[in-house]
Amino acid sequence: MQVLLINNDGGGFADYIEVPDGASVQDVFTEKVGNRPASDYLIRVNRQPCASQQILQEGDRISITPTKIEGAC
């Protein structure tokens with residue numbers, strides 16, 4: 001299925017990505033961001049805060065925004 005990923009980390013990008021049926025928010029976060037702590041990011045699905053184990057649905061919009069910016073005090 002296809003979801004819209006908005007990644008505001010680094011240079012940022014937005015694109016439709018393919019994820020398997022039953023994929024969770026945590027699955028997408030781990031694949032796209034890696035092993036960085038999820039607590040350092042604001043993660044939303046369809047503009048609403050979400051649980052990491054939320055199962056994604058076709059057409060969902062996921063945004064990943066860092067809450068800590070390197071170099072900032």
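**Close-up 1. Val25 sits in helix α1.** This is a predicted model, in which local features need pLDDT of at least 70, side-chain atom pairs count only at pLDDT 80 or more, and totals for chains, interfaces and linings use all residues. Residues are numbered from 1 along each chain as its sequence is written, and side-chain values use heavy atoms, with hydrogens and water left out. Helices (H or I, at least four residues) and strands (E, at least two) are DSSP runs, numbered from the N terminus. Val25 is buried, at a relative accessible area of 4%. Here buried means under 20% relative accessible area, exposed over 50%, and partly exposed in between (1.4 Å probe, protein chains only). Not counting residues up to four places away in sequence, Val25 touches Ile43, Val45, Cys50, Ala51, Ser52, Gln54 and Leu56. Contact means heavy atoms within 4.5 Å. Val25 and Leu56 are 31 residues apart along the chain, yet their C-alpha atoms are separated by 6.6 Å.

**Close-up 2. The buried residues of α1 line one face of the helix.** Val25, Val28, Phe29 and Val33 are buried in α1. Seen down the axis of α1, its buried residues fall within an arc of 100 degrees, so they line one face. The arc is that of the directions from the helix axis to the C-beta atoms. An α-helix has 3.6 residues a turn, so residues three or four places apart point the same way. The buried residues of α1 pack against β1, β2, β3 and β5. Just after α1, Gly34 takes a positive phi of about 95 degrees.

**Close-up 3. An open sheet is formed by 5 strands.** The strand order is β2-β1-β5-β3-β4, and the pairing is mixed. β2 and β4 stand at the edges with a single partner strand each, so one side of each has no neighbour in the sheet. Two strands pair if DSSP finds at least two bridges between them. β3 and β5 pair in the antiparallel sense over 5 bridges. Arg44 stands opposite Ser63 in β5. α1 packs on the sheet, touching β1, β2, β3 and β5. The direction of α1 makes about 130 degrees with that of β3. Axes are lines fitted to C-alpha atoms, for helices over the stretch in contact, and angles run from 0 to 180 degrees between N-to-C directions.

**Close-up 4. β1 is mostly covered.** In β1, 5 of its 6 residues are buried. β1 and β2 run antiparallel, joined by 6 bridges. Val3 has Ile17 in β2 as its bridge partner. The hairpin of β1 and β2 has 5 residues between the strands, and Gly10 in this hairpin takes a positive phi near 65 degrees. β1 pairs with β5 in the parallel sense over 4 bridges. Asn7 has Ile64 in β5 as its bridge partner.

**Close-up 5. The structure holds 2 salt bridges.** A salt bridge is a side-chain nitrogen of Lys or Arg within 4 Å of a carboxyl oxygen of Asp or Glu. One joins the side chains of Arg36 and Asp9 (2.9 Å, N to O). This pair links distant parts of the chain, 27 residues apart. Arg36 lies in the loop between α1 (25–33) and β3 (41–45), and Asp9 in the loop between β1 (2–7) and β2 (13–18). Arg36 is partly exposed, with a relative accessible area of 43%. Another salt bridge joins Lys32 and Glu31 (3.8 Å, N to O). Lys32 is partly exposed at 35% relative accessibility, whereas Glu31 is exposed at 60% relative accessible area.

**Close-up 6. Asp60 is buried yet has no salt bridge.** Asp60 lies in the loop between β4 (48–49) and β5 (61–66). The nearest side chain of opposite charge, Arg61, is 10 Å away. Lys and Arg count as positive and Asp and Glu as negative; His and the chain ends are not counted. Leaving aside neighbours within four places in sequence, Asp60 is in contact with Val3, Leu4, Val45 and Asn46.

**Close-up 7. Asn46 has a positive phi although it is not a glycine.** Asn46 is found in the loop between β3 and β4. The phi of Asn46 is about 55 degrees. Asn46 is partly exposed, with a relative accessible area of 38%. Arg47 is found in the loop between β3 and β4. Arg47 has a positive phi of about 70 degrees, and is not a glycine. Arg47 is exposed, with a relative accessible area of 57%.
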